[in-house]
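I opened this entry to keep track of what I looked up, in the order I looked it up. The structure comes next, then my notes.

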Amino acid sequence: MVAIHKDHKELTDEQFAGLKEKCLKARETSYSPYSKFRVGCALITTTGETFTGTNVENASYGAGICAERCAITKAVSDGFSKFLVLAICGDTEDTISPCGICRQFIREFAPKLPIFMFNKDGSKFIKVYLQDLLPLSFGPESLGN
Ligand SMILES: O=c1ccn([C@H]2C[C@H](O)[C@@H](CO)O2)c(=O)[nH]1
Ligand SMILES: [Zn+2]
């Protein structure tokens, strides 16, 4: 079973509250006319910057991008690729977890990242570490060069 945590020891109470607020807010600009499933993401870099993202779908369904990859791509393209924590929220009573592609995408930059998963109004959350979501993962070191 995956280890599920209920603490936010990596963050101060203030940082945690800010992360949650930004994650829920990021969901408001979701472009999801096909699934009608809005997702928000917020991440904090090791230098203290926050980036947000949301899911952006496409009439060619497979071309859509998840909220997590949206946020990470924004951060990396602005020169920030070291992450402290990442948070996601869906539009559901229960928490949601990153899809397989996003797990791999996160792994590239932060193989041990704590991931906070909020429910729709932020009243519930769990924290899971990336290495538990993606054990025996493949990463840059695996290429051996
Ligand atoms: O963790 C997740 C799971 C799903 N989605 C998006 C993809 C698609 O736009 C919609 C339904 O799967 O939600 C995310 O952004 N992140
Ligand atoms: Zn995804």
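I began with the shell around ligand 1. The shell holds 15 residues, and I noted the ones that come nearest: S35, V39, N55, C66 and A67. I keep in mind that this is a predicted model.

Next, the fold. I counted 4 helices and 5 strands in the protein chain. Read from the N terminus, the order of elements is α-β-β-α-β-α-β-β-α.

Then I checked the overall dimensions. The C-alpha trace spans about 40 × 40 × 35 Å along its principal axes. I compared the radius of gyration with the globule rule: for 145 residues a compact globule would have a value near 15 Å, and the protein chain has 14 Å, so the two agree. I also looked up burial. Of the 145 residues, 31% are buried. For contacts between residues at least 6 apart in sequence, I found that 61% join residues at least 24 apart.

Helix α1 was my next stop. It covers residues 13-26. I tested its length: 14 residues at 1.5 Å a residue should span 20 Å, and the end C-alpha atoms are 20 Å apart, so the helix agrees with expectation.

Which residues of α1 are buried? I found L19, K20, C23 and A26. Their arc around the axis is only 135°, so they sit on the same side of α1.

What covers the buried residues of α1? My list includes the strands β1 (40-45), β2 (50-54), β3 (83-89) and β4, along with helix α2 (67-77).

Last, I picked out one glycine, G122. I located G122 in the loop between β4 (114-118) and β5 (125-129). Is G122 buried, exposed or partly exposed? I counted 16 other C-beta atoms within 10 Å, so G122 is partly exposed; buried would need 20 or more, and exposed 12 or fewer.

I then listed the contacts of G122, leaving out residues up to four places away in sequence. G122 touches K20, L24 and C89. K20 was already in my notes as one of the buried residues of α1.

Technical notes: Residues numbered from 1 in each chain as written. Chains lettered and ligands numbered in written order. Predicted model: local features only at pLDDT ≥ 70, side-chain atom pairs only at ≥ 80, totals over all residues. Helix = DSSP H or I, 4+ residues; strand = E, 2+ residues; numbered from the N terminus. Rg over C-alpha atoms; globule rule 2.2 N^0.38 Å. Contact = placed C-beta atoms within 7 Å. Near = placed C-beta within 6 Å. Expected span 1.5 Å × (residues − 1). Arc of directions from axis to C-beta.
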